[in-house]
Amino acid sequence: MSKLIGAPLSPFVRKVRVYLEERGLPFESEPMVPGSEDPEFRKISPLGKIPGFVDGDFAVSDSSVIMAYLENKHGPALCPTAPVDLARALWFEEYGDSAEFELFIAGIFFPQVVSPILHGTTPDAGAIQASVDRLPEVFDYLETQINGEYLVGDQFTLADIGVVSPFVNLQYAGHQPDTARWPKLASYVTGILNRPSFQASMRDEAAILQKMKGQ
Ligand SMILES: N[C@@H](CCC(=O)N[C@@H](CS)C(=O)NCC(=O)O)C(=O)O
């Protein structure tokens, strides 16, 4: 059985988990903190980033690389093949990994939720608010890109995994797009989060968050 290595609250680890769940591919999870110096982990992820992934004798890291590997190994399912659709799906995945990650996770979720618990830091309310104030930049852009249930074509793709995964962390920090101002985005995010794949991950994450808060 394959092994997904990393902290389930990471949006990148969640991406791979959701991919595996969507395809019904069996896996086991191994918790690992980001940046861990564990030598076995570093062999799999030389940059120290999560997720890592082990499949028999093969091991690799990086959520995008892992999903590309699985897509090739098990046959295309969540990555469109038509050139324009493929380009759009990869772009949206990149957008989630970069613009959304920087704002939602690095700017809000980590300093507000994780760092105070794990490192005992006092959140810098001003810096966090500066990131919250910039949320409309991302929401406005996505609102222009959504025309229905899915981002690309008429099926669930990597684009939906990549764009919606960071919204889970944003939700944990108490923010989501206002339904009146961003109606398409709000309804789209809710629809994707209701999928069993995301729900399964979020159930496990809720238990972890609860445990962290109780520490
Ligand atoms: N491009 C990587 C990014 C992964 C990443 O940045 N993960 C963060 C946790 S959310 C991490 O491990 N950071 C630790 C570090 O940068 O040392 C991917 O898609 O998997």
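Predicted model: local features only at pLDDT ≥ 70, side-chain atom pairs only at ≥ 80, totals over all residues.
I take a polar contact to be a pair of N or O atoms within 3.5 Å; within protein, one must be able to donate a hydrogen and the other to accept it, and residues adjacent in sequence count only if both atoms are side-chain atoms. I number residues from 1 along each chain as its sequence is written, and side-chain values use heavy atoms, with hydrogens and water left out.

**Entry 1. Ligand contacts**

A backbone N or O atom of Ile50 lies 2.8 Å from an oxygen atom of the ligand. The side chain of Ser63 places an N or O atom 2.6 Å from a ligand oxygen. For Asp62, a side-chain N or O atom is 3.0 Å from a nitrogen atom of the ligand. On its own the ligand has 520 Å² of accessible area, of which the protein covers 74%; such areas come from the Shrake-Rupley method with a 1.4 Å probe, and for residues only the protein chains shown count as cover.

**Entry 2. Ligand surroundings**

I then checked the backbone at two residues of the shell. Pro51 is in the loop between helix H2 (39-44) and strand S3 (52-55); helices (H or I, at least four residues) and strands (E, at least two) are DSSP runs, numbered from the N terminus. The peptide bond from Ile50 to Pro51 is cis, with omega near 10°. Asp62 occupies the loop between strand S4 (58-61) and helix H3 (63-74). Its phi is near 90°, a positive value in a residue other than glycine. Most residues other than glycine have a negative phi, and most peptide bonds are trans. I record Asp62 as partly exposed because its relative accessibility is 38%; buried means under 20% relative accessible area, exposed over 50%, and partly exposed in between (1.4 Å probe, protein chains only).

**Entry 3. Two serines**

Ser45 is in the loop between H2 and S3 and is buried because its relative accessibility is 1%. A polar atom of the Ser45 side chain lies 2.6 Å from the backbone oxygen of Lys49. I also found Ser45 and Phe101 to be 20 Å apart in space, C-alpha to C-alpha, and 56 residues apart in sequence.

Ser2 lies in strand S1 (residues 2-5) and is buried at 8% relative accessibility. The side chain of Ser2 has a polar atom 3.2 Å from the backbone oxygen of Pro26.

Val132 belongs to helix H5 (residues 125-133) and counts as buried because its relative accessibility is 15%. Val132 and Gly107 are 25 residues apart in sequence, and their C-alpha atoms are 8.1 Å apart.

Glu149 is in the loop between helix H6 (135-145) and helix H7 (158-172). I record Glu149 as exposed, since its relative accessible area is 56%. Glu149 and Arg195 are 46 residues apart in sequence and 12 Å apart in space, C-alpha to C-alpha.
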